[in-house]
Amino acid sequence: SLNGKTAVITGSNSGIGLGVAWELARAGADVVLNSFTDRDEDHALAEEIAKATGTSARYIKADMSKGDECRALVEKAGACDILVNNAGIQHVAAIDEFPVEKWDAIIAINMSSAFHTTAAALPLMRKAGWGRVVNIASAHGLRASPFKSAYVTAKHGVVGMTKVVALETAREPITANAICPGYVLTPLVEAQIPNTAKEYNIPEAEAIEKVILAKQPSKEFVTVEQLGGMVLFLCSEAAAQITGTTLSADGGWTAS
Ligand code: NAD
């Protein structure tokens, strides 16, 4: 059980981050939810998790595009035994037309935020004598697709950073790994279905199978519960010697 452990999950008011937070709380961890929005609904999510699991879930506002706020998130949490770097955004455009502000935002939120939170969390993990850094990268941390230059760059960067953190903590009871999901049916992906169906002039079910899941041989979405289970595994004793590596959950995408 993760009783007594504090888990900070960046970008966790929806999708994968929220799913991972639920799984960690069900396993007994005190979770810290985060986003930049600070709405009543965000705080209500933490209350809902606390009530359902009997843990002390909290919401802390911090904008992951800003280095000082990334560090402040971990500092405000007070403890950070498990750090899940999950916050991320996407933008799709050809590289010669890619908006510079989108490039900067994706590099900051999807990559640099993990640098800042990890820097702030390692001293707390060392003080506690145990720690887990889990970076939610992507199949795009291992493979490329056209029109996703910033995203692919950031996710490859996160995979590289994961290896460095693992080497710097190799002699300590701390591990650092990256989970590389294929497509997960979150708000981020759901939003693309109607547009894709319209663009290709095909039904939504066909758009899912032939376009969105084109690269995913299983033709099934990964679920947030499955990803939560993978984070739990990385927190378990069985995974104590797994460090500096990637774990794929992509229905076979990176097999070819
Ligand atoms: P999502 O849009 O549902 O969630 C993104 C989360 O990031 C939200 O909680 C949002 O509030 C938060 N966020 C965005 N900008 C932020 C900022 N500036 N500061 C703080 N929080 C911010 O998307 P998701 O699909 O759950 O994606 C979560 C992570 O998983 C991302 O890193 C994404 O790249 C990765 N991922 C997603 C898929 C997929 O198919 N959905 C596949 C592989 C990897």
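## Around the ligand

Of the 28 residues around the ligand, the ones that come nearest are Gly11, Gly15, Met64, Gly88 and Thr186; a residue is near if its C-beta atom, placed from the backbone, lies within 6 Å of the molecule. This is a predicted model, where local features need pLDDT of at least 70, side-chain atom pairs count only at pLDDT 80 or more, and totals for chains, interfaces and linings use all residues. Numbering starts from 1 along each chain as its sequence is written.

The shell splits into 13 nonpolar, 14 polar and 1 charged. Here Ala, Val, Leu, Ile, Met, Phe, Trp, Tyr, Cys and Pro count as nonpolar, Asp, Glu, Lys and Arg as charged, and the others, Gly among them, as polar. Domain 1 (6-183 + 222-255) and domain 2 (185-221) each give at least three, with bounds from an automatic or database domain assignment.

## The sheet

Seven strands make an open, parallel sheet, ordered E3-E2-E1-E4-E5-E6-E7; strands pair if DSSP finds at least two bridges between them. Strand E3 (58-61) and strand E7 (246-249) sit at the edges with a single partner strand each, so one side of each has no neighbour in the sheet. Strand to strand, the twist averages 20°.

Strand E5 (131-136) and strand E6 (174-181) run parallel, joined by 6 bridges. Arg132 has Thr175 in E6 as its bridge partner.

Notes:
Helix = DSSP H or I, 4+ residues; strand = E, 2+ residues; numbered from the N terminus. Axes fitted to C-alpha atoms, helices over the stretch in contact; angles between N-to-C directions.
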